[in-house]
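Here is the note you asked for on this protein model, written as numbered points. Please keep the sequence and the structure open beside the text while reading.

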Amino acid sequence: MGSRGPTPKENSVRRNKHDYEVELSPEAQPGRPLPKTLPVSTAGAKRFWKTWAESPQSATWMETDWMELEITTVLVDQLYCGDTKLAGEIRQRVAKWGATNEDRARLRMSFEKKPEDGSESPSKGSPVPDMDDELYKRLRAV
C-alpha cells in the first residue's frame, strides 16, 4: 500500500538555518548626531536617539531606517511630555530594530562572541541606573 504525500526530507535539509541571519559586532557604533531640526525637547528623547544611533544594529541601517528613528524619536519626545497612548506604537517600532532579546531572536539577529580572557569583569561598585527620573515624575503626575 502506498504512502500519503511526499517523502520526508532529511534532517540536514530541514534545519532552521536561514541565509538572512544577521551577526553584528557588539561594539557601539559612531552613530549620527541628533538632527538640529528635529523638534525634540526632553532629555529622555535625546538619550533614546543616542542609544539607538550608537547601537550595533545601526551599523546596517539605510537612510530609510534613520528616517524611521527620527519619527520614533519625536514620538518618544511626546511620550516623555505625557502622551502615554504612544507607548504601544513606540514598542512596535523598536521591536523591528531588535530592542529586546525576544525581538533579536525573532529577527535572527545575534552578536559576535567576545573572547573570554577574563580581563573584562563588571565592577561591583558601579551604580545601577534607575528609571529615568523625568519619565517617572511625569507618569506619577498622570
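The points below go from the overall fold to the core, the aromatic rings and the charged residues.

1. Basis of the note. This is a predicted model, in which local features need pLDDT of at least 70 and side-chain atom pairs count only at pLDDT 80 or more, while totals for chains, interfaces and linings use all residues. Residues are numbered from 1 along each chain as its sequence is written, and side-chain values use heavy atoms, with hydrogens and water left out.

2. Overall fold. The protein contains six helices and two strands, where helices (H or I, at least four residues) and strands (E, at least two) are DSSP runs numbered from the N terminus. Along the sequence these elements follow the pattern α-β-α-α-α-α-β-α. Taking a contact to mean heavy atoms within 4.5 Å, one finds that, among contacts between residues at least 6 apart in sequence, 65% join residues at least 24 apart.

3. Surface and burial. The accessible surface comes to about 11,100 Å², and 53% of it belongs to carbon and sulfur atoms; such areas come from the Shrake-Rupley method with a 1.4 Å probe, and for residues only the protein chains shown count as cover. Of the 142 residues, 26% count as buried, a word that here means under 20% relative accessible area, with exposed meaning over 50% and partly exposed lying in between (1.4 Å probe, protein chains only).

4. The nonpolar core. Which residues have the most contacts inside the largest nonpolar core? They are Phe48, Trp52, Leu69, Ile90 and Trp97, in a core of 20 residues; a nonpolar core is a set of buried Ala, Val, Leu, Ile, Met, Phe, Trp, Tyr and Cys residues joined through side-chain atoms within 4.5 Å. Helix H2 (43-53), helix H3 (63-80) and helix H4 (87-95) each supply at least two residues of this core, and the largest share, seven residues, comes from H3. If neighbours within four places in sequence are left aside, Leu69 is in contact with Phe48, Trp49, Trp52, Ala53, Trp61 and Trp97.

5. Helix H4 and its cover. The buried residues of H4 are Ile90, Arg93, Val94 and Ala95, and what covers them includes H2, H3 and helix H5 (101-106).

6. Aromatic rings. A search of the whole structure finds five aromatic pairs, counted when rings of Phe, Tyr and Trp (its six-membered ring) have centres within 6.5 Å, with planes under 30 degrees apart called stacked, over 60 edge-to-face and the rest tilted. Trp61 and Trp66 form an edge-to-face pair, 5.0 Å centre to centre with 75° between the planes, whereas Trp61 and Trp97 form a tilted pair at 5.3 Å and 45°. Because Trp61 lies in the loop between H2 and H3 and Trp97 in the loop between H4 and H5, this second pair ties together parts that are 36 residues apart in sequence. Trp61 is buried at 14% relative accessible area, as is Trp66 at 6%, and Trp97 is buried at 6%. One aromatic cluster is formed by Trp49, Trp52, Trp61, Trp66 and Trp97.

7. The structure holds six salt bridges, each a side-chain nitrogen of Lys or Arg within 4 Å of a carboxyl oxygen of Asp or Glu. In one of them the side chains of Arg93 and Glu68 meet at 2.4 Å, N to O, and this pair links distant parts of the chain, with Arg93 in helix H4 and Glu68 in helix H3, 25 residues apart. Arg93 counts as buried at 18% relative accessibility, while Glu68 is partly exposed at 27%. Glu68, Glu89 and Arg93 are linked in a network of salt bridges.

8. Asp103. Is Asp103 buried or exposed? At 3% relative accessibility Asp103 counts as buried, and its place is in helix H5. Asp103 forms a salt bridge with Arg106, the closest N and O atoms being 3.4 Å apart; since the two are three residues apart in helix H5, they are separated by about one helical turn. Arg106, at 49% relative accessibility, counts as partly exposed. Not counting residues up to four places away in sequence, Asp103 touches Arg91, Ala95 and Gly98.

9. Arg108. Although Arg108 is not a glycine, it has a positive phi of about 55°. Most residues other than glycine have a negative phi. Arg108 is found in the loop between H5 and strand E2 (109-111), and at 30% relative accessibility Arg108 counts as partly exposed.
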